[in-house]
Amino acid sequence: MKLSPVYIVLISWIHLIAGQALPLIDSVCLAVQRQRLECQVHRVETADGYRLSVHRIPAPRHPRCASLQLRPFLLMHGLLGSAGDFVTGGRGRSLALELHARCFDVWMGNARGTTYSREHRSLATSDARFWQFSWHEIGIYDLPATVDYVLARTGHRQLHYVGHSQGTTVLLVLLSQRPEYNARFTNAALMAPVAFLKHLSSPPLRLLASDSSGVTMLLNTLGLHELLPATSLTQVGGQYFCSATLPTYALCTLFTSLYVGFSDYPLDRNILPRILQTTPAGMSRRQLQHFGQLINSGQFQQYDYRSPRLNALQYGQATPPSYQLANVRLQLQIFHGTRDVLAIQADVQRLVRELRNSRTQMYQVPGYNHIDFLFAITAPQMVYERIIQQAWQLDATSTAADG
């Protein structure tokens, strides 16, 4: 019996029932304010009506930073994540806080359907139509709306971008489909990039992809369109089940490692409960199904409606088209870990080959799994410093181009 798909679906159903009555806490701003920093929340509406929250940590207000005229950073989370991914570790550990300490204006996106982006101009989250999206729509609607808003608010013509996991996927979607957006990015850092998934070896995710029809049937039976949403139950659950002092802590870390890989850098025993305050942040069933299609097809392509007729209506052809990665024309830093079971080296190398019109620097990080780029104690030295140094160099050499 295949337990993993059933587990995900049932946990989603329990979350919806148990946690829907109580209000959620903005754990992102709490984490930022705990460091005595300013946290802002901006509202952005997409062209198709989704209302997104974008968290911001403004650049420090002192003359040294003001004189530098640095471009802003936009950080985009992965599947089931949120802006919380970039602040959870605290000062000296989290990417957003490291960037702020180096004088950058930091913006953090929240994709549609996640904890802080659950509104629409006309649809409620109880309406199945609200959830009719994949990460494709996040790429062609959410990301450009957020980019345009950040540039308009800051007065810059370009920004720096960092994506993790699905946050890399949506950037590739945007630039493949709307190549004019290349001009709005100075550069981008892709941490644990997800595009080609042919060699993915995460046992639960491989299992989920192998039984996609069974999962779909179960979801239809339960009427579920949203999976693993954040609730008041999940926001406090980490303290009760995954605290370092509890015997269940080992089970929490084992379950996590089965999904993302067994790292050579064990998590700080105190950070897992904090991670679970903001993760999972929810996703649509179609996001999961679309990733499953990439695993099974080995291609980086648009959503397959599993019907030649429906595909033809949507795309003008019987099969979903591949994303045109030749349209991506950016300076890219690509980071992947040797212990990552989602972004496997062979698939990352294929991605680099397909990005033939981009200037790519690929960094292999020994011992890192899929989430070490966010939470490993060594990430500031092994990853973030490279990102910061490149941004500083680019801004120092081309300040005039940004007005």
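Some ground rules. Residues are numbered from 1 along each chain as its sequence is written, and side-chain values use heavy atoms, with hydrogens and water left out. Because the model is predicted, local features need pLDDT of at least 70 and side-chain atom pairs count only at pLDDT 80 or more, while totals for chains, interfaces and linings use all residues.

Start with the whole chain. It has 16 helices and 11 strands. These are DSSP runs, numbered from the N terminus: helices are H or I with at least four residues, strands are E with at least two. Of the 403 residues, 59% are buried. Buried means under 20% relative accessible area; exposed is over 50%, and partly exposed lies in between, with a 1.4 Å probe and protein chains only. The chain exposes about 16700 Å², and carbon and sulfur atoms supply 55% of that. Those areas come from the Shrake-Rupley method with a 1.4 Å probe; for residues, only the protein chains shown count as cover.

Now contacts, meaning heavy atoms within 4.5 Å. Take the contacts with a separation of 6 or more: 78% of them join residues 24 or more positions apart.

Next, the annotated site. Which residues does the UniProt annotation "active site" cover? The unreviewed entry lists Ser 165, Asp 340 and His 370. They are spread over 206 residues of sequence, yet they cluster in space, with a largest C-alpha distance of 11.0 Å. A caution: UniProt positions are in the numbering used here, feature names are shortened, and annotations may be inferred rather than shown by experiment.

Take Asp 340. It sits in the loop between strand S10 (331-337) and helix H14 (345-354). Is Asp 340 buried or exposed? Its relative accessibility is 3%, so it counts as buried. Leaving aside neighbours within four places in sequence, Asp 340 is in contact with Ala 192, Val 260, Tyr 368, Asn 369 and His 370.

On to His 370. This one lies in the loop between strand S11 (359-365) and helix H15 (372-375). His 370 has a relative accessible area of 4%, so it is buried. Residues up to four places away aside, His 370 touches Ser 165 and Asp 340, among others. A polar contact of 2.8 Å joins the side chains of His 370 and Ser 165. That term means a pair of N or O atoms within 3.5 Å; within protein, one must be able to donate a hydrogen and the other to accept it, and residues adjacent in sequence count only if both atoms are side-chain atoms.

Phe 335 stands opposite Tyr 363 in S11.

Two last stops. Asn 110 lies in the loop between strand S4 (106-108) and strand S5 (119-120). At 2% relative accessibility, Asn 110 is buried. Its side chain reaches the backbone nitrogen of Ala 83 at 3.0 Å.

Finally, Leu 394, in helix H16 (residues 379-397). Leu 394 is buried at 17%. Its C-alpha is 9.7 Å from that of His 160, 234 residues away along the chain.

Conventions
Pairing = 2+ DSSP bridges.
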